[in-house]
Amino acid sequence: MGQSRGLPPGDMAPGRSERVQRIMAAVDERRDELVAFVQELVRVPSVTGQEGEVQALVAARFRATGLETDVWEPDPAILAPYAEHVTMTDFAGRPNVVGRLPGTGGGRSLILNAHIDTVEPGDPARWTHPPFAAEVTDGRLYGRGACDMKTGLATHLFALAAVRAAGYAPRGDVTVQSTISEEDGGAGALAAVLRGYRADAAIITEPTQLAVVPAQGGSLMFRLHVPGWSAHACVRDEGVSAVEKFALLHRALLAFETRRNAEIAHPLYAPIANKVPINVGVVRAGSWPSSVPEWLEAEGRAGLVPGEELDAFRDRFLAEVEAAAATDPFLRDHPPRVEWFSGQFAPAEVPADGPLARLLLDAHQAVTGGTPPVEAVTYGADMRHFVVFGDTPCLMYGAGDVRLAHHADEHVELDELITSTKTIAVAIADWCGVD
Ligand SMILES: [Zn+2]
């Protein structure tokens, strides 16, 4: 492994190399148990809204491993002032589960977060490995949530277990979180922050393919209301089609996206072709095939990069729609309307050369001998809640490929799972200090 080769001098602390070896060995010894635990999690479906059953399993596991375990349902009244940042639904029967290992004193604290909810499995016929069977074939574990991100929760739990099994007690508090409702905006993680779970740093094991991800995009949901003028199809030229007017506005939004991509100078986003996607995902219009449609509603999602303010972006988006409408005689007199709805997710970042990013780079290097890529992502995730509302620096690092995350045959490479577990374990010891 050559884990001492390539380490920066500051990390050549006496005993670290031996500690890394012992922690890695402790992870290897638990490989089968770790894989079995991921399988156990995948076999209990936990689509957003139905996290209760799997959380009971998680809570039992946390208690069995000696963590001080806190189980609670997010309180809508406490979340209410933050309603635009999450999706407010019914949280009854959908608890968060948080397990805490108090430090022996004098170390930095660390939160290890994973969301337990998953997206729907979709059409089962598209899966060659059934979505809740958790089959292991050719070094891969298949199933809904396998990479996004039941693997991530197991990573945290087994990383902490490996540190302790190797004979080390973290000096700072380590808190493992299994939170709900990430896929629809992160009410669970926000509820944990608002309950007072803050720390000197937080790591989320979203599937990053072992890249260190200190920057996440934001996203805003919009609804565009486009007017038309109804007429019988037989005299359609006497009406105005809202569908045709939408086409004009849609082209304007795509041109806006192109201009934004050319303007954005954030260095971590430089390798990403479309840094700020504007996607129209739903279009509804008209009421009858033989009538000119007098209304259209288009729902979409616009992306933001860290450093952009939500209000300023919303103003600019509106100005783009108005400018496009001004070029059309009908829309000039019948202006389209923009409505913001559902989650309004802020982008977030921590310094790419800051202490937390350095921690993961060093830990990954100690484990693999190589340097992981440092990347940004264009999606939104729970890290923003820690950074924006919890005053807790947070980044993402984990096994699995996000491109597989919401698809049929979602899977994780077991070797990546083991590497990420070793990296998180070494990071716990490095960050919190150990006795
Ligand atoms: Zn996820």
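Buried here means under 20% relative accessible area, exposed means over 50%, and partly exposed lies in between, with a 1.4 Å probe and protein chains only. This is a predicted model, in which local features need pLDDT of at least 70 and side-chain atom pairs count only at pLDDT 80 or more, while totals for chains, interfaces and linings use all residues. Residues are numbered from 1 along each chain as its sequence is written, and side-chain values use heavy atoms, with hydrogens and water left out.

Select residues 355-368 to begin, which form helix α10; helices (H or I, at least four residues) and strands (E, at least two) are DSSP runs, numbered from the N terminus. The 14 residues of α10 reach 20 Å from the first C-alpha to the last, close to the 20 Å expected at 1.5 Å a residue, where the expected span is 1.5 Å times one less than the number of residues. Of these 14 residues, 11 are buried, among them Leu356, Asp362, His364 and Val367. Just after α10, look for Gly369, which takes a positive phi of about 80°.

Move on to α13, whose 19 residues reach 27 Å from first C-alpha to last, close to the 27 Å expected at 1.5 Å a residue. In α13, 18 of the 19 residues are buried, and Gly433, which follows this helix, has a positive phi near 75°.

Now select Val377, Thr378, Tyr379, Gly380 and Val402, which lie nearest the centre of the largest pocket, among its 36 lining residues. On a 1 Å grid over the protein atoms alone, a pocket is an open set of points where a 1.4 Å probe fits, with protein on both sides within 12 Å along at least five of seven lines, and lining residues have an atom within 4 Å of a point. β14 gives the most to this lining, with 4 residues.

Finally, colour the chain by domain, using bounds from an automatic or database domain assignment: domain 1 (9-216 + 347-432) and domain 2 (218-345). Their centres, taken over C-alpha atoms, are separated by 36 Å, and the contact takes 20 residues from domain 1 and 19 residues from domain 2. The lining of the largest pocket draws at least three residues from each of these domains.

Definitions and conventions. Contact = heavy atoms within 4.5 Å.
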